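Subject: the model you asked about

Hi,

Here is the structure, as promised. Have a look at it first, and then read on for my notes.

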Amino acid sequence: MSDIPLLEVRNLSKHYVQRGSLLGQRTDVFKAVDTVSFSLPRGKTLGLVGESGSGKTTIGKCALRLIEPTSGQILFDGQDITHISGGELRRRRSDMQMIYQSPAASLNGRMTIGEIIGEPLWLHERLRGQRRRERVMELLHIVGLKTEHYYRFPHEFSGGQQQRVGIARALAVKPKLLILDEPTSALDVSVQAQVLNLLHELQQQFQLSYLFISHDLSVVRYLCDQVALLYLGKVVELADVETIFTRPKHPYTQALISAIPEPDPDGGREQILLQGDLNLRTPKQGCPFAPRCHVAKLAHCETDVPPLVEVEARHQVSCHLHPSSAHSRN
Ligand code: ADP
Ligand code: MG
């Protein structure tokens with residue numbers, strides 16, 4: 001039973017229809033997420049990394065069924081939850097919680113910290129009075145806050161403290177999975193490390209599984225077991241974290257890693273400059289990354305979309321320079 005991943009996403013797509021022409025007659029389909037597959041083992045962390053607009057949040061929201069996927073399947077704890085609804089969906093929701101980038105925006109400014117953390121305890125367990133208060137106090141301590149914070153309001157807190165409140169609120173319903181959507185990117189660097197430490201400790205303490213969303217590859221190294229790189233809604237590389245950092249194969253991953261500041265500036269690593277952004281000349285055909293690719297291009301980079309293939313055990317890449325070696329293993 002425990003071999004079953006806690007979360008599995010199969011061929012997930014989310015399309016948005018854009019009305020293109022002046023008269024609104026021509027419609028274009030924009031693929032915010034395009035046939036994405038991954039699985040998250042219990043107690044582990046999978047990083048979803050990509051530039052802003054690459055589809056990370058959309059994947060997280062689809063996984064939680066906060067928005068409806070266009071196609072694909074979502075399995076939680078072995079159960080296909082793609083089409084469940086009503087009470088069944090509500091019960092599942094307490095197993096999976098989302099932490100957002102902006103803690104201030106995700107906390108109700110008119111409620112005290114005690115009320116904010118206590119609300120899900122009422123909604124899910126009908127806890128109230130002294131028992132709820134005790135449980136909120138316990139949660140405050142778990143996330144490194146103090147008893148005296150109970151009657152304060154979110155605006156009296158720093159960004160890091162607000163994010164701790166958000167985490168306490170998410171933990172109140174005893175989830176198995178946390179989807180962390182850039183949880184530290186709005187925080188100062190020193191505070192980021194503290195919140196990442198806290199998340200690491202909580203994972204050990206409560207055997208949590210994390211889907212960790214970030215636009216910053218350097219942040220994921222500390223927390224993640226596996227990393228999936230997203231480019232324009234597609235996974236372009238997926239492997240164990242060490243493999244991603246020591247033997248990246250996709251030119252996009254290589255460029256992102258080369259941009260991480262090195263402790264030793266004379267370390268000899270050459271930085272690969274990524275040109276433009278996601279909106280730059282998105283090609284109508286061929287590899288979506290081709291216009292920004294620094295590697296010598298093969299003829300079919302401009303004409304064929306490279307499939308995502310397993311180039312070695314537990315290492316998937318979609319790049320024409322790395323065709324599948326599956327035949328050589330057989
Ligand atoms: P990320 O979290 O990686 O920054 P998102 O998942 O938020 O990216 O968005 C992926 C793409 O989908 C973006 O180009 C965004 O503009 C588009 N998108 C997101 N939500 C909608 C929507 N409701 N309607 C149309 N386009 C959307
Ligand atoms: Mg996002």
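Leaving aside its neighbours within four places in sequence, which residues is Q316 in contact with? Before the answer, some ground rules. This is a predicted model, so local features need pLDDT of at least 70 and side-chain atom pairs count only at pLDDT 80 or more, while totals for chains, interfaces and linings use all residues. Residues are numbered from 1 along each chain as its sequence is written, chains are lettered from A and ligands numbered from 1 in the order in which they are written, and side-chain values use heavy atoms, with hydrogens and water left out.

Now Q316. With contact meaning heavy atoms within 4.5 Å, the partners are V236, E237, L238, L308, V309 and E310. Q316 belongs to strand β12, residues 315-317. (Helices are DSSP runs of H or I with at least four residues, strands are runs of E with at least two, and both are numbered from the N terminus.) Q316 and L238 are 78 residues apart along the chain, yet 5.1 Å is what separates their C-alpha atoms. At a relative accessible area of 25%, Q316 is partly exposed. On that scale, buried is under 20% relative accessible area, exposed is over 50% and partly exposed is in between, using a 1.4 Å probe and protein chains only.

Along the principal axes, the C-alpha atoms fill a box of roughly 70 × 55 × 50 Å. Buried residues make up 46% of the 330. Of the contacts with a separation of 6 or more, 60% come from residues 24 or more positions apart.

The domain assignment (bounds from an automatic or database assignment) gives domain 1 as 7-95 + 175-329 and domain 2 as 111-172. Their centres, taken over C-alpha atoms, are separated by 31 Å. Where they meet, 14 residues of domain 1 are in contact with ten residues of domain 2.

Two helices are worth a click. Six of the eight residues of α1 (residues 56-63) are buried, so this helix is largely enclosed by the rest of the structure. The buried ones are K56, T58, I59, G60, C62 and A63. Then there is R135 in α5, residues 129-142. R135 counts as buried, at 14% relative accessibility. Beyond its neighbours within four places in sequence, R135 is in contact with L121, L127, L171, A172 and K174.

Last, some backbone angles to check. Most residues other than glycine have a negative phi. Just after α1, R65 takes a positive phi of about 65 degrees. N11 is not a glycine either, but has a positive phi of about 50 degrees. N11 sits in strand β1, residues 7-19, and counts as partly exposed at 47% relative accessibility. L232, again not a glycine, has a positive phi of about 45 degrees; its place is the loop between β9 (226-231) and β10 (234-240).

Cheers
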